[in-house]
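Please read them beside the coordinates.

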Amino acid sequence: MAALLLGTLLLIVQPHIVPSRPAVISKVEATSQSVEKELLKKTILKNDFKRNIHFNGSCQQLPQTIIIGVRKGGTRALLEMLSLHPDIAVAESEVHFFDWEDHYGNGFQWYMNQMPFSYPHQITVEKTPAYFTSPKVPERVYNMNQSIRLLLILRDPSERVLSDYTQVFYNHVQKHKPYPSIEEFLIKDGELNVDYKAINRSLYYFHMQNWLKYFPLDRIHIVDGDKLIKDPFPEIEKVERFLRLSPQINASNFYFNKTKGFYCLRDSGRERCLHESKGRAHPHVDSHLLDKLHEYFHEPNRKFFELVGRTFDWH
């Protein structure tokens, strides 16, 4: 599904921004970054890509980082927060290169042409939430760049199911089309409908196993989507460290918007919030049905915690 673009920028003068923390990158990290860029350069040369170079020295390049998912996990918020960093260049739209056959058939040159112009020192980031749950994608990403750094943002599986339904429901409402109640999707023959796609997308253990066939765990950073919503700065700090970025994003870059009910961004005296479609209220669901959801995800969640070596505050 095409990404929902950022909402209106509010041009309001704000208090003085706290200066960025000093950049400290070790020699080991610098060497690692250099090796990764050389591997990516070999991929480009191997495929005989034609780079589009701007007169200012910027050019389009294959992404060194991809936000692979999960759908309704907070991928847009993560991308917007990362865009605060001067060494990050983000692709605004979801490219769906690795999961859509017609796009993948266009080749890597086409993929590169969808990327933003960036400078050599910047990291290009693309996000397509559907990648995480698409079986063919891990191998395809590996074949492009086995040293790529991947970001995966997850939230409580049950809450994610409700958000998934809510997005599709409102899409139908905007088009003046009817849409069944969430109970009609969740219940089949009196039991939980485990064939419902939204439930399948929340089986993180199943999908993560596929990614770990191709990438070691230290190449996949898991962002806690529930914590990102409540207190974004500590989660973004972790992402900066994972991407070997100098620490440039500060707590002063975030402020809580009481009207919207979630954090917005403050950058160079300007404020911006996510699109109004973000943070919508979920439909009311019977507590008995919620209990069924929580019970269903209990065992897959336990296996996922063991697989990644950490726990999350999920039901």
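Predicted model: local features only at pLDDT ≥ 70, side-chain atom pairs only at ≥ 80, totals over all residues.

1. Residues are numbered from 1 along each chain as its sequence is written, and side-chain values use heavy atoms, with hydrogens and water left out.

2. The secondary structure comes to 12 helices and 13 strands, taken as DSSP runs numbered from the N terminus (helices H or I, at least four residues; strands E, at least two). Of the 315 residues, 50% are buried, meaning under 20% relative accessible area with a 1.4 Å probe, protein chains only.

3. Helix α2 (residues 75-82) and helix α11 (residues 232-242) pack at about 70°, their axes 11 Å apart, where axes are lines fitted to C-alpha atoms over the stretch in contact and angles run from 0 to 180 degrees between N-to-C directions. The two helices α2 and α11 are therefore roughly perpendicular, a label that covers 65 to 115 degrees.

4. In this packing, Leu78, Met81 and Leu82 of α2 meet Pro232, Ile236 and Val239 of α11, contact being heavy atoms within 4.5 Å. The residues of this contact are six nonpolar, no polar and no charged.

5. The buried residues of α11 are Pro232, Phe233, Glu235, Ile236, Val239, Glu240 and Phe242; their cover includes α2, β7 (149-154), β10 (220-224), α10 (225-230), β11 (254-257) and β12 (262-267). Just after α11, Arg244 takes a positive phi of about 60°.

How values were computed: Parallel < 35°, antiparallel > 145°, perpendicular 65-115°, else oblique. Nonpolar A, V, L, I, M, F, W, Y, C, P; charged D, E, K, R; others polar.
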